[in-house]
Amino acid sequence: MSLESTEPSKVSTTGEPDDYLERRALRRGNAGWVLLTGLGVAYVVSGDFSGWNSGLKEGGFGGLGIAMALMGVMYACMVFSLAELSSVLPTAGGGYGFARRALGPWGGFLTGTAILIEYILAPAAIAIFIGDYVESLNLFGLESGWPVYLACFVIFIGIHLWGVGEALRFSFVVTGIAVAALLVFAVGAFMDFDASHLNDIAVDHDAFGSNSWLPLGLLGIWAAFPFGMWFFLGVEGVPLAAEETKDPARTLPRAIRWSLCILVALALLTFFASAGARGSAAIQDTGNPLVDALQPDGEATALSRVINYAGLAGLVASFFSLIYAGSRQLFALSRAGYLPRFLSLTSSRKAPYLGLIVPGAIGFSLAAATGDGARMLNVAVFGATISYALMSLSHIVLRRREPHLPRPYRTPGGILTSSVALALACAALVATFLVDVTAAFIALGVYVVAIAYFGLYSRKHLVARAPEEEFAALAEAEAELERK
């Protein structure tokens, strides 16, 4: 089974009613580049408030810093590649659509499934973190548990059902609050900055290459990869808004680039300010590193309380936007027949209501049943790294196989750029086994079930009229004409 095979004999398509696509249409032209930039930041911003600091336990300040830099390079190279691909194929399929054209139906399905794993598991994890924040802030006397998780999914899915324009504007406002709070935090934390705090984690002298900056040795850099990703995880979801965007060939590349620039700046500020104010050792185990960085004596201050509430805003922004991304990926896969077709039906307000409700129900069930947000995030990271590798590979294949394909935006560095992203994504994939073997095997188990469904059923029932399938069919027809 070759990923690059696109021969028509490898896959079957079936007929569908004349109104098939009309019943599966999104609202066009709702988002400009500013709203999409906000969406890209919203996907990620919760990672600045918590989670990344566990990488200090794996690699120390130096190890996590190098891991963050390498993962930043990976994301930069990947999003520049995605910017080109999204200008070529601006549909809701995003990564699935790119891989479908480059790697065939199997490649498209494997990429789309990996993206779904990320975008269904991550909101479930964040719902748990929201519950923890609500409890720690003593909001309305609530404790972290299924009622809080249910309220998150019901309220925020409800806003998405209202309409994409309203949803993106809500996300933009909440994200703005979170970003402003990060900037205020950085100013406050740098007032107490001390460079000696950065490398205060005890050195493991038995680890190869260990020193004060790399207390866990060189292997600690690799083990910190998944946590370095948390400063950027999710930004690749911007192309999923393609069908709801004004002039997507121009808007998407611009929004992707600006999102990453903002995220890099926030990552550097958060990382250095947190560790320098309180010390790497003090924040490596905490669930709320920014707040603890502002409380060296353990006593709450006015600023730490503000940041605590802003952390909740950051979690809400990421939760809300990841629900959006997951629904659009599910919508595209379902519309093309890779998943049950009824999941792509849209409401009178052009919202994929089942694409929102079904993943939400799965996410809520996982959150309520396990209460293990860290494990679910690790599963999401595993799915993400697989999709990164396949999307980067798609860029390489399309550049080599279809060099004359019209590209309104071209990736700086071309294939070299996407090759760097591919190599680093593969390294990050292996690193997930160093951090959480159980999470990696859970993700693999989900993959096996999905592959069985596609291999035995859905690949024989694809929808030829779906945009991603039409785009691939056009490439097959052109290739056939060249062979003749």
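Biologist: At what angle do the axes of helix 4 and helix 14 cross?

Modeller: Happy to start there, with the reminder that this is a predicted model. Helix 4 covers residues 95-136 and helix 14 covers residues 373-401. Their axes come within 7 Å, and the crossing angle is roughly 160 degrees.

Biologist: Are helix 4 and helix 14 roughly parallel or roughly antiparallel to each other?

Modeller: Angles over 145 degrees count as roughly antiparallel. The axes here cross at roughly 160 degrees, and helix 4 passes helix 14 in a left-handed crossing. The residues of this contact divide into 27 nonpolar, six polar and three charged. Helix 4 and helix 14 are therefore roughly antiparallel.

Biologist: Thanks! And how does helix 14 lie relative to helix 16?

Modeller: Helix 16 spans residues 437-456, and its axis is 8 Å from that of helix 14. The two pack at an angle of about 60 degrees, and angles of 65 to 115 degrees would count as roughly perpendicular. Helix 14 and helix 16 are therefore oblique to each other.

Biologist: Which residues of helix 14 meet helix 16?

Modeller: Helix 14 passes helix 16 in a right-handed crossing. On the helix 16 side, the partners are Thr438, Ala439, Ala440, Ile442, Ala443, Leu444 and Tyr447. By class, the contact has 10 nonpolar, two polar and one charged residues. From helix 14 come Arg375, Asn378, Val379, Phe382, Ile386 and Leu390.

Biologist: Let's turn to another pair. How many charged residues are in the contact of helix 3 with helix 15?

Modeller: Helix 3 (residues 55-88) and helix 15 (residues 415-435) pack at about 130 degrees, with axes 8 Å apart, which makes helix 3 oblique to helix 15. Helix 3 brings Leu70, Met71, Val73, Met74, Cys77, Met78 and Ser81, while helix 15 brings Thr417, Ser418, Val420, Ala421, Leu424, Ala425 and Ala428. Those residues divide into 11 nonpolar and three polar, and the number of charged ones is none.

Biologist: Why is the protein chain called as compact as a globular protein of its length?

Modeller: The chain has 17 helices and two strands, and its C-alpha atoms fill a box of roughly 75 × 50 × 40 Å along the principal axes. For 484 residues the globule rule gives 23 Å, so the chain is called that compact because its radius of gyration is close to this, at 22 Å.

Note on methods: Residues numbered from 1 in each chain as written. Predicted model: local features only at pLDDT ≥ 70, side-chain atom pairs only at ≥ 80, totals over all residues. Heavy atoms only, no water. Axes fitted to C-alpha atoms, helices over the stretch in contact; angles between N-to-C directions. Helix = DSSP H or I, 4+ residues; strand = E, 2+ residues; numbered from the N terminus. Parallel < 35°, antiparallel > 145°, perpendicular 65-115°, else oblique. Left-handed = near helix turned anticlockwise from the far one by under 90°. Nonpolar A, V, L, I, M, F, W, Y, C, P; charged D, E, K, R; others polar. Rg over C-alpha atoms; globule rule 2.2 N^0.38 Å. Contact = heavy atoms within 4.5 Å.
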